[in-house]
Amino acid sequence: MSHALIVDNLVKTYVAGRPPAVDGLSFAMPRGATYGLLGGNGAGKTTTIAMLLGLLVPSSGRITALGHDMEKDRFAALARMNFSSPYIALPHRLSVSENLRVYAHLYNVRQAEARIAELARDLQLEELLDRPAGELSAGQKTRVALAKALINRPELLLLDEPTASLDPDTGDWVRSWLERYRAQTGCAILLASHNMGEVERLCDHVLMLKQGRVVDEGSPGDLVERFGRGDLEEVFLDIARGTRAEAAQ
Ligand SMILES: Nc1ncnc2c1ncn2[C@@H]1O[C@H](COP(=O)(O)OP(=O)(O)OP(=O)(O)O)[C@@H](O)[C@H]1O
């Protein structure tokens, strides 16, 4: 099977002598799949995504993205990937269209103006193109961040909390949009989220992280069944609190 992402025994220790933030993480995500990275605060999700993007150097382990070893051949992989995170702000003073042009240039997008116009139409950004990015509402910024994340037509998309701080209507709109995008392009998506409804809806497979380790994994349906629970939120609470329904023991 061809994989979008293979993570092999990944470890990140920030401070020598303290427990690693990511501690032996391994998984293989097929092309076209959507995987969820779940875990409580401090479980290691953002650290994992930062390593996958080459922003943080792993202490050990190997990442293969779209067939490229991230240690030796990072730029070939990064050109075909992209990400969005609410923690990384777009340059505030630049207008939305200037921001998108900068990223189009960075990713060497051909016919950048046509691509920006297409994304503006798809993500309902046309009215916002001339506004400074710093003046937009959280929902508007999220749509711009998605346009930035899609500018190079990525085959692998890393999304850290894609609907954090969005109202339920805008959150739902973004989720529907991602579902459509995935169906049209076959893009593989790794999603870190605290929104269990979102994960149940979008993800084929879920990795439950605790203290940097995968403590359970499976499709949302399998996990719910295995834990004898009603939904993924209850499974998450069982794992986070170390409790588990009788049916799962
Ligand atoms: N720059 C850093 N230096 C030292 N420790 C760090 C650093 N960044 C993160 N950590 C620690 O690494 C662990 C994992 O943090 P990380 O941000 O990856 O978790 P997370 O799952 O994304 O959490 P959240 O859901 O709160 O965003 C935490 O214990 C955190 O305190």
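## A first look at helices, domains and a ligand shell

Helix α3 and helix α4 (residues 112-122) pack with their axes 10 Å apart, at an angle of about 130 degrees. That angle makes α3 oblique to α4. Please keep in mind that this is a predicted model.

**Helix α3 with helix α4**

- The crossing of this pair, α3 and α4, is right-handed.
- On the α3 side, the contact is made by S97, L100, R101, A104 and H105, and on the α4 side by A112, R115 and I116.
- Sorted by class, the residues in the contact of α3 with α4 are 4 nonpolar, 2 polar and 2 charged.

**Helix α3 with helix α5**

- Helix α3 spans residues 96-106 and helix α5 spans residues 138-150; their axes come within 9 Å and cross at roughly 25 degrees.
- Because of that angle, α3 counts as roughly parallel to α5, the cut-off for this description being under 35 degrees.
- As with the previous pair, handedness can be stated here too: α3 passes α5 in a right-handed crossing.
- V96, N99, L100 and Y103 are the α3 residues that meet α5, where V144, A147 and K148 take part.
- This contact of α3 with α5 consists, by class, of 5 nonpolar, 1 polar and 1 charged residues.

- How is the protein divided into domains? Domain 1 takes in 3-80 + 155-248, while domain 2 covers 90-153.
- Taken over C-alpha atoms, the centres of domain 1 and domain 2 are separated by 25 Å.
- Where the domains meet, 7 residues of domain 1 are in contact with 7 residues of domain 2.
- On the side of domain 1 that touches domain 2, the classes are 4 nonpolar, 2 polar and 1 charged residues.

**Around the ligand**

- Which residues surround the ligand? They are Y14, V15, A21, G39, N41, G42, A43, G44, K45, T46 and T47.
- By class, this shell around the ligand holds 4 nonpolar, 6 polar and 1 charged residues.

Methods. Residues numbered from 1 in each chain as written. Predicted model: local features only at pLDDT ≥ 70, side-chain atom pairs only at ≥ 80, totals over all residues. Near = placed C-beta within 6 Å. Nonpolar A, V, L, I, M, F, W, Y, C, P; charged D, E, K, R; others polar. Axes fitted to C-alpha atoms, helices over the stretch in contact; angles between N-to-C directions. Helix = DSSP H or I, 4+ residues; strand = E, 2+ residues; numbered from the N terminus. Parallel < 35°, antiparallel > 145°, perpendicular 65-115°, else oblique. Left-handed = near helix turned anticlockwise from the far one by under 90°. Contact = placed C-beta atoms within 7 Å. Domains from an automatic or database assignment.
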